[in-house]
Amino acid sequence: MKVDDLNISIVRHLREGRKSYKIIAEDLGVSENTVRSRVSKLEEEGVLEIVGLVDPEKVPRHRVVMVGVKLTTMDLVKKGEEFSRVRGVVSVSVVTGRFDLILMVLLKEGFGLLEFYTEEVSRLEGVQSVETFVVYKSYNLKVPYIF
């Protein structure tokens, strides 16, 4: 699917996830059905997903950490997919630099760093080392609520 300027404009409007297709259509000078069909196609193609996100700083007893992972294997995509299924992991990125993967992890009361590492990460093979970066303050960070 070609993501054209109209698609990008629709996606920008959908930052406000509850904005009506009618208002978007009026603003862009197209029909409501055009917006509806474009959004549907963008969702089908995996370009767009409309979800509710939370600010983890405003959810009591929750914290976000970033984890840098160094692997013993170069099968980065496969390991990234494995980490993406680990409890608490919001996102995984294959990166350049001193780490192979960067994880964004949502922790909560009863599932902190100790549980994340001992119950989840320890089950995975091929992990050489990890480094944790605790997020004290974030700006514009919204995550899906995964618990």
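The following legends describe close-up views of a predicted model.

**Figure 1. Packing of helix α2 against helix α3 in the predicted model.** Helix α2 spans residues 21–28 and helix α3 spans residues 32–44. Their axes come within 8 Å and cross at roughly 110°. Angles of 65 to 115 degrees count as roughly perpendicular, and α2 and α3 are therefore roughly perpendicular to each other. The crossing of α2 past α3 is right-handed. On the α2 side, the contact is made by Y21, K22, I24 and A25, and on the α3 side by E32, V35, R36 and V39. Classed by residue type, this contact of α2 with α3 has five nonpolar and three charged residues, with no polar residues.

**Figure 2. Packing of helix α1 against helix α2.** Helix α1 comprises residues 5–13. The axes of α1 and α2 lie 10 Å apart, and the two helices pack at an angle of about 135°. From α1, the residues L6, S9, I10 and H13 meet I24, D27 and L28 of α2. The contact of α1 with α2 divides into four nonpolar residues, two polar residues and one charged residue.

**Figure 3. Packing of helix α1 against helix α3.** The axes of α1 and α3 come within 10 Å, crossing at roughly 90°. The helices α1 and α3 are therefore roughly perpendicular to each other. Helix α1 contributes L6, N7, I10 and V11 to the contact, while helix α3 contributes T34, V35, R38, V39 and L42. By class, the contact of α1 with α3 has six nonpolar residues, two polar residues and one charged residue. Residues L6 and I10 of α1 take part here and also in the contact of α1 with α2. Likewise, V35 and V39 of α3 meet α1 and also belong to the contact of α3 with α2.

**Figure 4. The largest pocket and its lining.** The largest pocket holds about 380 Å³ of space. Among the residues that line this pocket are V11, L14, R15, G17 and R18. The lining also includes L48, E49, I50, V51, G52 and L53, together with K142. Six residues of the lining are nonpolar, two are polar and four are charged. V11 lines the largest pocket and is also one of the α1 residues in the contact with α3.

Technical notes: Residues are numbered from 1 along each chain as its sequence is written. This is a predicted model: local features need pLDDT of at least 70, side-chain atom pairs count only at pLDDT 80 or more; totals for chains, interfaces and linings use all residues. Side-chain values use heavy atoms; hydrogens and water are left out. On a 1 Å grid over the protein atoms alone, a cavity is a set of points where a 1.4 Å probe fits but cannot get out, and a pocket is an open set with protein on both sides within 12 Å along at least five of seven lines; lining residues have an atom within 4 Å of a point. Grid points are joined across faces, edges and corners, and a volume is the space filled by probe spheres set on the points. Ala, Val, Leu, Ile, Met, Phe, Trp, Tyr, Cys and Pro count as nonpolar, Asp, Glu, Lys and Arg as charged, and the others, Gly among them, as polar. Axes are lines fitted to C-alpha atoms, for helices over the stretch in contact, and angles run from 0 to 180 degrees between N-to-C directions. Helices (H or I, at least four residues) and strands (E, at least two) are DSSP runs, numbered from the N terminus. Angles under 35 degrees count as roughly parallel, over 145 as roughly antiparallel, 65 to 115 as roughly perpendicular and the rest as oblique. A crossing is left-handed if the near helix is turned anticlockwise from the far one by less than a right angle, and right-handed if clockwise. Contact means heavy atoms within 4.5 Å.
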